[in-house]
Amino acid sequence: MIPKVFREVITLSDGREISIETGKLAKQAHGSVVVQMGNAMLLCTVVSNYDASPGIDFLPLTVDYREKFAAAGRYPGGFFKREARPSDDEVLTMRLVDRVLRPLFPKDYHAETQVMIQLMSHDEEVMPDALTGLAASTAIQLSDIPFETPISEVRVARINGEFVINPSRSALLEADIDIMVGASADSVMMVEGEMLECSEEEMADAIKFAHEAIKIQCDAQIRLAEAFGKKETRAYEPEPKDEELEKKVHALAYDKVYAVAKKASAKHERGAAFEAIKEEVKATFSEEELADFGSLISKYFYKAEKKAVRDLTLNEGLRLDGRKTTEIRPIWCEVDYLPSTHGSSIFTRGETQALATVTLGTSREANQIDLPTYQGEETFYLHYNFPPFSTGEARPLRGTSRREVGHGNLAQRALKNMVPKDWPYTVRVVSEVLESNGSSSMATVCAGTMALMDAGVTIKKPVSGIAMGLISDGERYAVLSDILGDEDHLGDMDFKVTGTADGITACQMDIKIKGLSYEILVNALKQAREGRLHILKKLTDTIAQPNASVKPHAPKMITRVIPNAFIGALIGPGGKVIQELQKATKTTIVINEDPITEEGIVEILGTDQAGIDAVLAKIDSLMFKPEVGGTYEVKVIKMLDFGAVVEYTQAPGNEVLLHVSELAWERTENVSDVVNMGDVFNVKYFGVDPKTRKEKVSRKALLEKPEGYVARPPRENNDRGGRDNNRGRDNRGRDNRRDDRRDDRRPREDKKED
């Protein structure tokens with residue numbers, strides 16, 4: 001018997017519908033929901049342990065998103081036909097959901113919690129990542145897990161001047177704004193996306209439009225939970241509290257921390273000073289008190305430290321390193337630092353440093369994307385590495401982290417639309433973060449811009465990035481430009497903005513306080529613009545525009561379009577021609593077929609211009625087509641009994657037979673009597689001979705006829721040895737031929753008898 005299903009429908013402004021239902025699947029999970037839009041269906045479950053693990057003082061939350069290949073009727077690629085580690089796109093979706101959910105669990109809730117979302121059915125016209133936030137929040141609402149308020153996430157795009165919620169992938173190709181927004185009914189909490197140089201006001205309008213749609217989705221979750229039967233929120237063991245102890249620690253630490261914060265010291269010096277104050281505070285307690293309340297003392301010290309640093313900014317407009325709220329840290333830049341790379345740069349801002357490299361390649365080096373929901377390739381991509389030494393730490397390397405994937409994606413989105421669509425190379429940018437104290441992803445954008453220009457990539461405009469922060473006590477607020485790592489942890493907002501001098505190209509925002517007004521948001525965006533332009537000038541002072549050409553040791557790329565009919569000739573049987581050509585010219589040759597025109601697009605990559613020219617000459621040779629009646633210079637490359645093989649000097653490798661009868665007007669007994677190997681002369685092209693069905697050229701046609709020359713009469717059929725209708729019926733008939741067999745076989749028979 002099918003259990004009762006509870007369902008709510010959300011209708012978008014254009015009439016499309018999103019349904020959320022529960023009661024049929026995964027009923028042993030603490031909360032489960034199926035979200036459907038079109039034929040796309042996601043199952044989301046949430047489970048949270050009822051007891052926290054001993055000694056854990058944080059929320060061990062795992063958000064997992066997976067796209068099943070079966071959902072799209074496809075097999076996983078590779079040898080093993082099973083989904084393995086998550087793709088970068090899946091990781092990015094996990095991060096989008098995690099960043100909105102995590103702040104809404106109680107701060108003292110430490111039970112291990114898993115939110116698992118999987119795509120069970122795919123629809124080409126539905127992008128499932130825009131539904132994952134709705135799915136996660138709904139599953140939690142249907143559970144007894146403590147959670148502050150429903151949230152949702154939507155994608156908002158501006159297409160032909162109109163904002164659209166959750167557009168299809170094909171429609172998104174026409175968008176000039178593409179952002180994901182996560183929010184509750186009251187507050188915007190997360191924004192991430194890319195734009196084609198939009199203004200700050202346009203971005204704020206997009207966020208407002210998305211928030212209105214999210215409010216409707218939050219109401220639908222509440223209705224579904226009430227219809228299903230809202231569960232009582234589970235009881236859990238809260239963290240111990242001691243107000244008297246908190247006051248004591250605050251009194252011991254606050255003034256000392258405030259004084260250190262005001263000294264404007266460097267990161268490690270300041271950290272050591274704060275640690276010394278903490279040890280002084282702990283020294284005022286007995287060993288028994290430390291054993292019983294050590295964790296609380298550390299927690300209350302951190303609260304006092306946070307308040308002191310925030311008060312310094314709100315009271316005096318000063319920050320930990322002595323800067324004012326709008327001030328940018330000192331910057332120095334350098335390009336062409338690495339001699340062997342195709343492009344390189346260093347960007348250093350305060351205690352944050354990124355070293356970027358650029359590598360140029362053919363379409364063969366494009367980043368292949370093979371997902372259940374999308375198949376394609378990227379000819380521009382960026383990888384971000386964050387080694388532990390960049391923060392003065394030693395920790396094991398466990399592969400690429402989610403953070404590295406997310407930061408690299410943000411920098412890639414910031415830069416990718418500045419690379420021209422017709423740029424022939426595949427471009428890979430790698431950012432190595434060598435020091436970090438605040439916004440290494442924005443340092444990556446700046447270093448990436450300079451490295452691209454150093455490599456000779458003709459980007460449309462240079463891009464810079466800045467990370468903004470916010471400190472607010474409800475009445476006062478301060479927007480901070482170019483935040484430090486500590487200000488990220490202690491502040492109320494981390495807002496990264498990238499752009500050119502003309503507009504925003506990408507953003508990522510996490511807001512930690514409720515009810516952030518749009519007035520503050522717009523002010524933060526405008527202050528970010530001033531900071532971006534300041535940083536942009538530092539970049540353009542270092543390298544004003546892209547280099548006129550790629551570096552001498554970097555590969556040169558030439559693209560040639562050839563008719564489809566010539567692709568096979570260039571490749572050769574079993575790839576023999578193209579492989580030998582690559583070896584001889586020390587080039588890389590890639591041939592792609594245009595899906596529309598079906599023409600061949602030949603990419604030639606090499607560091608030696610002579611090699612590239614040789615490949616172009618070979619292509620010209622293959623495509624060379626002489627015109628009937630035209631005169632062409634040829635060179636003898638092979639001598640035969642019945643003529644000479646010649647090649648057109650303007651198309652080496654393009655050969656044709658010059659028959660002995662076309663060498664001269666006089667009768668020629670030996671080819672070598674007229675021409676020899678290596679001789680160069682002109683011939684006339686007559687097209688395809690209808691009798692031989694081969695191309696015909698003539699040397700004698702360009703020579704004057706000898707005086708008194710008489711052409712030989714054409715031979716008639718009866719002059720061909722009597723081979724007419726009586727063929728085979730003369731004295732060479734079958735009987736005669738049998739009698740005329742060679743006698744040399746007879747001795748063989750005699751020998752056999754012996």
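Is Asp673 buried or exposed? Asp673 is exposed, because its relative accessible area is 56%; exposed means over 50% relative accessible area, buried under 20%, and partly exposed in between (1.4 Å probe, protein chains only). The model is predicted: local features need pLDDT of at least 70, side-chain atom pairs count only at pLDDT 80 or more, and totals for chains, interfaces and linings use all residues. Residues are numbered from 1 along each chain as its sequence is written, and side-chain values use heavy atoms, with hydrogens and water left out.

**Overall form**

- The protein contains 16 helices and 29 strands; helices (H or I, at least four residues) and strands (E, at least two) are DSSP runs, numbered from the N terminus.
- The radius of gyration of the protein is 38 Å, whereas a compact globule of 754 residues would have one near 27 Å. This radius is taken over C-alpha atoms, and the globule rule is 2.2 Å times the number of residues to the power 0.38.
- The C-alpha trace spans about 130 × 70 × 65 Å along the principal axes of the protein.
- Of the 754 residues in the protein, 49% are buried.

**Separations across the chain**

- Asp673 is located in the loop between β27 (655-659) and β28.
- Gly687 belongs to strand β28 (residues 680-688). With a relative accessible area of 5%, Gly687 is buried.
- A distance of 83 Å separates the C-alpha atoms of Gly687 and Ser143, which are 544 residues apart along the chain.

**Salt bridges**

- Side chains of opposite charge can pair when their charged atoms come close.
- The whole structure holds 43 salt bridges, each defined as a side-chain nitrogen of Lys or Arg within 4 Å of a carboxyl oxygen of Asp or Glu.
- One of these pairs is Arg7 with Glu21, whose closest N and O atoms are 3.6 Å apart.
- Arg413 forms a salt bridge with Glu194, with 2.7 Å between the closest N and O atoms. This pair links distant parts of the chain, since Arg413 is in helix α8 (residues 402-416) and Glu194 in strand β10 (residues 188-198), 219 residues apart.
- Both partners are buried: Arg413 has a relative accessibility of 14%, and Glu194 has a relative accessible area of 13%.
- Arg413 and Glu194 also belong to a network of salt bridges that includes Asp129, Arg155, Asp178 and Lys416.
- Arg323 and Asp321 are joined through their side chains by a salt bridge of 2.7 Å, N to O. Arg323 is buried at 4% relative accessibility, whereas Asp321 is partly exposed at 22%.

**Negative surface patch**

- Glu287, Glu288, Glu289 and Asp292 gather in a patch of negative charge on the surface.
- Patches are made of residues with over 30% relative accessible area and no salt bridge, like charges being joined within 9 Å and nonpolar side chains (Val, Leu, Ile, Met, Phe, Trp, Tyr) within 5 Å. Lys and Arg count as positive and Asp and Glu as negative, while His and the chain ends are not counted. The place of a charge is taken as NZ of Lys, CZ of Arg, CG of Asp or CD of Glu.
- Accessible areas come from the Shrake-Rupley method with a 1.4 Å probe, and for residues only the protein chains shown count as cover.
- Glu287 lies in helix α7 (residues 287-316). Glu287 counts as exposed because its relative accessibility is 67%.

**Positive phi angles**

- Most residues other than glycine have a negative phi.
- Glu197, a residue other than glycine, has a positive phi near 55 degrees. Glu197 is part of strand β10 and is partly exposed, with a relative accessible area of 22%.
- Asp482 likewise has a positive phi, near 55 degrees. Asp482 occupies the loop between β19 (477-481) and α10 (485-490), and is buried with a relative accessible area of 1%.
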